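Let us walk through this structure step by step. Keep the sequence beside you as you read.

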Amino acid sequence: MPSADHEDLTVVLTGDQFFIPTNTQYSAHLLLSHPGDHPCAYLCGNSLGLLAKQSKALIDEELHVWGSRAVEGHFKHPHGREWMNIADTVTPLLAELVGAEEKEVACMGTLTANLHLMMSAFYKPTPTRFKILCEGKAFPSDQYAFASQARLHGYDPAQGIIEMFPRHGEFTLRESDILDMIAKEGPSIALVIFSGVQYYTGQWFPIKAITNAANAQGCICGWDLAHAIGNVSMALHDWNVDFAVWCSYKYLNSGPGGIGGLFIHDKALPHLRYAGWWGHDPVTRFLMPPKFSAIPGAQGYQQSNPSVLATVSLLGSLQVFKEVGMMGPLRERSVLLTGYLESLLVKSAFYVEANLVSEKYPPEGDGTRTQKPPHAFTIITPHAAESRGAQLSLLFLPAGSGIMQEIFDYLLSKSVVGDERKPDVIRLAPTPLYNTKLDCERAALALEEGFQSLVKHN
């Protein structure tokens, strides 16, 4: 059962409701202080969330229904989850997580496919308003989608896409710079689209402020919430977001390649779409009429029937979210956990403040280096809780030195599981559903020991 106190960081909030890999399963051959059958320090929920035991149970049930009922499971289901309505089991929970009305949310497809669907409906460039504004170094799949959409409409991405980068010596974008760009370029911008939480830096963009600024300039505003849903609190309907898309295998723990989702504000619903039969009115869907009759709202954008196994895997995790009170208590616990991990990391003898990196670690060849700088790391994620989610991104220095890989391998040898982003970043995300103070302490200790080992052997 879940812990009663979400602020007690010494215990797992959800009890034993998740399968957490053990130290032995991660082959921690250097681990001396933690028994092999104990859980590893899994700080990688921002990349792939852990398996909820409820998800496994629901998948097993559906496999049994498939084996024992076969096609009848679409219409008569022993557990009341008829497959033709399977998405209805998760839609209310997803709507609650993103702050939306149920009719504004659809559980369907995958992130990039949904992004293309939304851009096909909302990106309507004209000769004077055709640009796409986004953050530089967005997740590559988003970059590919933006560029291909520009080309499909006859525009060179070099002219049709405005990418925003941090100022010199900084690692994240300033809100004021984004708003200034929207004000300056607004009449030429057709679509403003950012990540809710930036995958690389962990920066939580001010969704409400950016959306308001975009709408004031007549721009459509959309969001990729892959790293935001289940991580930070949102109110998409009240913030007047036009559309959003997400995956569910990170903080929502639906499993590798899990089903995606999308949001369309009821004020912004386009009439034209790429239609498919699962977006057709379910009352007449199986009568196979030749003319499409859309379900009102976002669910009218569904194309094919959703994977039952993927959907119930998501459902199992969302039921755990509901048991612990959804994003209110989870976000409060997340702020405490990430703040605690940060407080440990900045005490390291190898830590360098982010605003000092450009001074202490100038690029090679610029003539200012007089000697080889020492191995170190900084945190490129914003310090303020309102500007980040669970994730902290550690940049290893000097850039391009290769020490990130050595530290990452050392962490794994101690059964501390993070996420590497070559060449120089490790992302650590203490996830409130299943991480504790102990996981943070193990990570900070292993990081320090890893650096000490590097110094000793170099």
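Start with a charge and a ring. K53 lies over the face of F19, at 5.4 Å from the ring centre. A second case involves K437 and Y340. Here the charged end of K437 sits over the ring of Y340, 4.8 Å from its centre. Keep in mind that this is a predicted model.

Now step back to the whole chain. It holds 12 helices and 15 strands. Its radius of gyration is 23 Å, close to the 23 Å that the globule rule gives for 458 residues, so the chain is as compact as a globular protein of that length. Along its principal axes, the C-alpha trace spans about 75 × 60 × 35 Å. Of the 458 residues, 54% count as buried.

How do contacts run along the sequence? Take the contacts with a separation of 6 or more: residues 24 or more positions apart account for 70% of them. The accessible surface of the chain comes to about 19500 Å². Carbon and sulfur atoms own 56% of that surface.

Next, go inside. In soluble globular proteins, nonpolar side chains tend to be buried together. The largest nonpolar core in this chain has 69 residues. Which of them touch the most other members? They are L94, V192, W223 and M234. Helix α8, residues 308-323, gives the most to this core, with 8 residues.

Aromatic rings come next. A search of the whole structure finds 17 aromatic pairs. One of them joins Y42 and Y434. Their ring centres are 6.4 Å apart and their planes meet at 55°, so the pair is tilted. This pair links distant parts of the chain. Y42 is in strand β2 (residues 41-42), while Y434 is in the loop between β15 (425-428) and α12 (437-457). The two are 392 residues apart. Are these tyrosines buried or exposed? Y42 is buried, with a relative accessible area of 6%. Y434 is buried as well, at 2%. Both values fall under the 20% cut-off for buried.

Another pair is F377 and F396. Their ring centres lie 6.2 Å apart with planes at 35°, so this pair is tilted too. F377 lies in strand β11 (residues 376-379) and F396 in strand β12 (residues 392-397), so the pair ties together parts that are 19 residues apart in sequence. Both F377 and F396 are buried. They also belong to one aromatic cluster, formed by F350, Y351, F377, F396 and F451.

Methods. Residues are numbered from 1 along each chain as its sequence is written. This is a predicted model: local features need pLDDT of at least 70, side-chain atom pairs count only at pLDDT 80 or more; totals for chains, interfaces and linings use all residues. Side-chain values use heavy atoms; hydrogens and water are left out. A nonpolar core is a set of buried Ala, Val, Leu, Ile, Met, Phe, Trp, Tyr and Cys residues joined through side-chain atoms within 4.5 Å. Buried means under 20% relative accessible area, exposed over 50%, partly exposed in between (1.4 Å probe, protein chains only). Helices (H or I, at least four residues) and strands (E, at least two) are DSSP runs, numbered from the N terminus. Rings of Phe, Tyr and Trp (its six-membered ring) pair if their centres lie within 6.5 Å; planes under 30 degrees apart count as stacked, over 60 as edge-to-face and the rest as tilted. A charge sits over a ring if NZ of Lys or CZ of Arg is within 6 Å of the ring centre and within 35 degrees of the ring normal. The radius of gyration is taken over C-alpha atoms; the globule rule is 2.2 Å times the number of residues to the power 0.38. Contact means heavy atoms within 4.5 Å. Accessible areas come from the Shrake-Rupley method with a 1.4 Å probe; for residues, only the protein chains shown count as cover.
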